Amino acid sequence: MTTGMERFAALMSGQTPDRVPIVCNLLDQGARELGVSIREYYSRGELVAEGQLAMREKYGYDTLLGLFYAGLEAEIMGCHHIIYADNGPPNVGHLIIRKPEDIKKLHLSDDLHAHPRFRELAKCIGIMKRESAGRWPVLGEVSASFSLPAMLMGIGQWLDLFLNGDPGLRDLLLEKCSQFSSRQIIALREAGADLIVYANPVASATFITPQKSRQLALPWTIKDLEEPGTGGVVFFNGGGRINPNLADLQAHTGIDAYYLNPFDDIIEARRILGPQALIAGAINDIRLIDWSPEEIDREVEKIMLAGKQGGGFIFGTMMMPFRIPEENIRALVDAAIRHGRYQPESV
Amino acid sequence: MTGTIEQLTLDMYLTSLFDTDKPAALRIVQDALDNGMTPEKVVFDIIIPGMERMIGGMISDNLVTLSQHFLAAQIAEEVVDRLIPLFAAAPEVRGHVVIGTSHGDFHGLGKKIVIGCLRARMFEITDLGISVAPERFVDEAVAVDAEVIAISSMMVHTATGERGARRVRQILQERGLEGKLRIIVGGAPYRFHDNLFREVGADAWADTAAEAPAVVARLVQEVRS
């Protein structure tokens with residue numbers, strides 16, 4: 001077993017792979033790899049594909065990431081101003097919803113390919129799919145309808161609206177965002193994504209209580225996934241803790257794979273989800289900026305020990321900060337390969 | 001506070017905050033005022049303990065969410081602003097804080113929560129908004145005679161970048177202002193990495209908004225002593 005695709009295929013069919021698959025979410029680092037600015041890097045899908053392929057080859061992890069930056073979704077939905085930095089992810093610089101009427105005016109194209117930025121993303125995914133030749137799963141990322149409004153109107157305004165605002169307006173916005181999420185899942189699969197990382201940070205236990213999440217967010221997750229289906233969908237924490245929501249998600253959505261937050265307890269998640277679900281355990285990657293290789297090794301070992309106790313397990317990162325030194329990325333992946341091996345008797 | 005009407009009101013208020021039910025929370029405040037509770041008692045026995053127990057809860061049991069923090073701070077700020085003019089005697093301002101998010105950072109939620117906590121604790125606040133240039137932090141702090149500059153960052157590169165707290169520190173050094181101004185930072189990267197505040201040149205950080213008033217009070221004291 002030598003490829004990420006084989007490892008993921010083994011997990012999905014209930015087999016034990018040779019080692020735990022590794023998801024290492026390097027994004028803006030691709031620009032550094034190619035020696036171009038972050039702005040130029042994200043201007044063309046070919047460049048992002050080249051950067052992703054080069055980084056996977058260099059470090060030896062198991063997936064290719066078909067994602068530019070979170071704000072791209074806002075751009076496709078009408079944001080005209082993205083702020084670029086030279087050492088971190090681009091940011092939304094223009095909120096497209098500033099007043100209630102803007103929600104009513106929000107118009108989504110039936111065809112995401114009509115937007116040039118989506119075409120670049122789809123091109124990137126297509127190239128990676130072709131170059132991977134079935135060896136490395138290509139991940140696409142989609143924000144849940146319940147989290148998208150944070151990028152369209154700002155998180156404070158979104159909290160105000162869904163907690164205490166006009167329910168009609170809230171549902172109108174969520175309806176539009178849900179259409180967008182569904183269409184995006186379908187379009188990314190068509191472009192070549194093997195797995196869809198479905199991110200829902202605002203529904204996490206970091207933002208709202210499990211009760212509110214069940215009442216307000218869960219129905220929209222179900223709706224987002226109704227048409228595209230849950231095949232190959234990984235529920236991603238997006239930066240918030242999700243253990244308190246796992247039972248609801250598993251019972252009502254049909255999603256089989258859950259990507260935990262570094263602050264979620266892996267053993268607790270396994271207890272909640274049972275042996276059939278796939279669990280991705282994430283390292284606190286901000287600490288990779290200055291941890292020593294020994295500290296990285298210890299932390300990876302701890303995560304692997306918890307994850308390998310039973311059931312399908314994936315080792316992952318959050319969105320790796322640009323400042324993490326290359327030697328620490330190498331140390332991380334090397335440690336994950338070493339500590340992720342399954343003993344022959346358990347295969 | 002005795003186990004009386006104040007305790008009952010606080011319990012109801014906490015329940016409304018836990019449910020993130022803003023209309024209910026404001027109704028409880030209004031009912032208390034209508035029933036003769038003084039504005040001072042409403043602020044110091046209901047609003048502030050409510051906010052601090054809600055926001056501080058995260059330290060002990062991890063059960064309190066950002067939406068509850070947000071609402072508790074938002075209501076505290078609104079109610080305190082409305083009731084302070086009704087106090088029998090003007091409360092003593094405990095210090096002046098200039099606050100904003102670091103340059104290139106457009107995430108304002110944490111800042112809003114902190115402002116609510118500080119206002120409720122009688123700090124004067126100058127809110128510079130989001131994506132604030134380091135020079136502006138210093139210029140405004142000098143202009144309003146603040147003691148503390150508070151810089152919020154949601155992302156690692158804005159927390160640690162050359163146009164964030166690090167540059168504010170340099171400017172304070174260049175202008176000989178280090179004895180007159182302290183820097184406090186906060187936001188997600190600092191929660192994932194508890195020594196990061198030193199690396200970016202800050203004097204202090206606060207893990208949660210509930211801790212901010214105590215930390216800021218200490219910094220103000222340092223400047224004034």
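**Entry 1**

I started at Ala133(A), which is exposed, with 9 other C-beta atoms within 10 Å. I noted the cut-offs: buried takes 20 or more other C-beta atoms within 10 Å, exposed 12 or fewer, partly exposed lies in between, and the C-beta atoms are placed from the backbone. Ala133(A) is not a glycine, yet its phi is positive, about 50 degrees. I found Ala133(A) in the loop between α7 (116-132) and β5 (138-143) of chain A. Helices here are DSSP runs of H or I with at least four residues, strands are runs of E with at least two, and both are numbered from the N terminus.

Most residues other than glycine have a negative phi. I then looked up Ser131(B), which also is not a glycine and has a positive phi of about 50 degrees. Is Ser131(B) exposed, partly exposed or buried? Ser131(B) is partly exposed, with 19 other C-beta atoms within 10 Å. Ser131(B) sits in the loop between β2 (124-127) and α6 (134-143) of chain B.

**Entry 2: what I am looking at**

This is a predicted model; local features need pLDDT of at least 70, side-chain atom pairs count only at pLDDT 80 or more, and totals for chains, interfaces and linings use all residues. Residues are numbered from 1 along each chain as its sequence is written, while chains are lettered from A and ligands numbered from 1 in the order in which they are written.

**Entry 3: chain A as a whole**

I listed 15 helices and 10 strands in chain A. Its radius of gyration, taken over C-alpha atoms, is 19 Å. The C-alpha trace of chain A spans about 60 × 45 × 35 Å along its principal axes. Buried residues make up 54% of the 347 residues.

I also checked contacts, meaning C-beta atoms, placed from the backbone, within 7 Å. Of the contacts in chain A with a separation of 6 or more, 70% join residues 24 or more positions apart.

**Entry 4: a helix pair in chain A**

I picked α12 (residues 246-253) and α13 (residues 266-273) of chain A. They pack at about 35 degrees, with their axes 9 Å apart. Axes are lines fitted to C-alpha atoms, for helices over the stretch in contact, and angles run from 0 to 180 degrees between N-to-C directions. Which residues of α12(A) meet α13(A)? Leu246(A), Ala247(A) and Gln250(A) meet Ala269(A), Ile272(A) and Leu273(A).

**Entry 5: the sheet in chain B**

I traced five strands in an open sheet, in the order β2-β1-β3-β4-β5 (chain B), with parallel pairing. Two strands pair if DSSP finds at least two bridges between them. The edge strands are β2 and β5 (204-205) of chain B, each pairing on one side only. Five bridges join β1 (residues 96-101) to β3 (residues 148-152) of chain B. There, Val97(B) stands opposite Val148(B).

Next came the helices on the sheet. α6(B) touches β1, β2 and β3 of chain B, and its direction makes about 160 degrees with that of β1(B). Helix α8 (residues 165-174) of chain B lies across β3 and β4 (182-186), at about 180 degrees to β4(B).

**Entry 6: where the chains touch**

I last looked at the contact between the chains. How many residues does each chain supply? Chain B gives 22 and chain A gives 25.

Terms used
Two residues are in contact if their C-beta atoms, placed from the backbone, lie within 7 Å. The radius of gyration is taken over C-alpha atoms; the globule rule is 2.2 Å times the number of residues to the power 0.38.
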